[in-house]
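Me: Could you walk me through the packing in this model, one question at a time?

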Amino acid sequence: MKKHLSIIVAIILLLSGCGKKQEEKKLVFAFVPKLLDNPVFQLAWQGAQGAAKDLGAGKIEVQRFAPVKSDAVEQAQIIESLIEKKVDGIAVSVNDADALTESINKAVDAGIPVVCFDSDAPRSKRFAYYGTANLPSGKQMAEHLVKLMGTKGNIAILMGTPGAPNLEERRQGILEYLKAYPDIKVVATEYCYDDVNKGVSVMEAAMQAHPDLKGWILPGAWALFTPPPGPFAAKKPGDLFVVSIDALPEQLDYVRQGYVQVLMGQKLWGWGYESVRMLKEYKEGKTPAQPVIDSGLDIITKENVEEYAMKWKTGKF
């Protein structure tokens, strides 16, 4: 009798264990870019989905939540709603660090880890940031422009949404580097609110207002998502010296045709992939050795544009 009872208990425990295994909770991570309709964030979203597939074996789900337009208030509301949903982690590119810090802290206090990508909220309780080192990248952009155009002339800067920390840091880096060149004047700083068409129109307007403009620095390449000549329709290739962040396939034609001399490619796929990887590892009790991870940049010119284009085709970056 005791033997039969032991067998029955063992079977019950085995079945109970199987049930627990079947009911094992899937991790649900939220992916929150600055806005929905932007090609760079579309690629980052694909990276996040790729990480869920590679690392999760069906046990990780990534859901996307984004403002239709670049809006810090709406983005903060999204994070508040994710706290109510009790997601397992949040990856966010912040529109405005000051506006998002409180919401990020609420999420962390509620037990939801947060990682930032692309644009950081450094004074928040997020556990890590993955993306471009923005201040140095701004200095690097200015350095490339000076090498191209020399130490004298009027230039303009195209920005996205006012207050976006990654863009403001890049602009700060640009201005710091240019202090050594007092004969280079920034005569226009235009904001396009991360809108492609507005990026084209504000650049065109700036060039009409400043016909002697010699160069452009684009901390974000919104206007270059239109086919060439895009904002440079009134110019010939080589009339202006242009340095821009981002190097997606559609932007490489600007280098091929001579409208842009230098593109600086960010690790867009990695924004999503690495964010999901870090969230998964954080849930397993692992934290990054450093809270700020510089993803690095690729420099693309006419000399290596075809080599870089091949990387897009093969996916081997």
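Me: Leaving aside its neighbours within four places in sequence, which residues is Ile 174 in contact with?
Reply: Happy to start there, with a word on the basis: this is a predicted model, where local features need pLDDT of at least 70, side-chain atom pairs count only at pLDDT 80 or more, and totals for chains, interfaces and linings use all residues. Residues are numbered from 1 along each chain as its sequence is written, and side-chain values use heavy atoms, with hydrogens and water left out. Contact means heavy atoms within 4.5 Å. Beyond its neighbours within four places, Ile 174 touches Gly 138, Lys 139, Ala 142, Ile 157, Ile 217 and Pro 219.

Me: Is Ile 174 buried or exposed?
Reply: Ile 174 sits in helix α6 (residues 165-178); helices (H or I, at least four residues) and strands (E, at least two) are DSSP runs, numbered from the N terminus. Buried means under 20% relative accessible area, exposed over 50% and partly exposed in between, with a 1.4 Å probe and protein chains only. The relative accessible area of Ile 174 is 0%, so this residue is buried.

Me: What separates the C-alpha atoms of Ile 174 and Ile 157?
Reply: Ile 157 is among the contacts of Ile 174. The two residues are 17 residues apart along the chain, and their C-alpha atoms are separated by 9.3 Å.

Me: Is α5 parallel or oblique to α6?
Reply: Axes are lines fitted to C-alpha atoms, for helices over the stretch in contact, and angles run from 0 to 180 degrees between N-to-C directions. Helix α5 (residues 134-149) packs against α6 with the axes 7 Å apart, at an angle of about 45 degrees. Angles under 35 degrees count as roughly parallel, over 145 as roughly antiparallel, 65 to 115 as roughly perpendicular and the rest as oblique. Therefore α5 is, relative to α6, oblique.

Me: And how does α3 lie against α4?
Reply: Helix α3 (residues 72-85) and helix α4 (residues 97-109) have axes 9 Å apart, at an angle of about 5 degrees. That angle makes the two helices roughly parallel. Their contact involves, among others, Ile 79 and Ile 83 of α3, together with Leu 100 and Ile 104 of α4.

Me: In which order do the 6 strands of the open sheet come?
Reply: Two strands pair if DSSP finds at least two bridges between them. The edge strands, each pairing on one side only, are β7 (184-191) and β12 (298-300). Pairing in this open sheet is mixed, and the order is β7-β6-β8-β9-β10-β12.

Me: Which residue in β7 does Asn 154 stand opposite?
Reply: Strand β6 (residues 153-159) pairs with β7 in the parallel sense over 7 bridges. On the β8 side, 4 bridges join β6 to β8, again running parallel, and there Asn 154 stands opposite Leu 213. In β7, Asn 154 stands opposite Lys 185.
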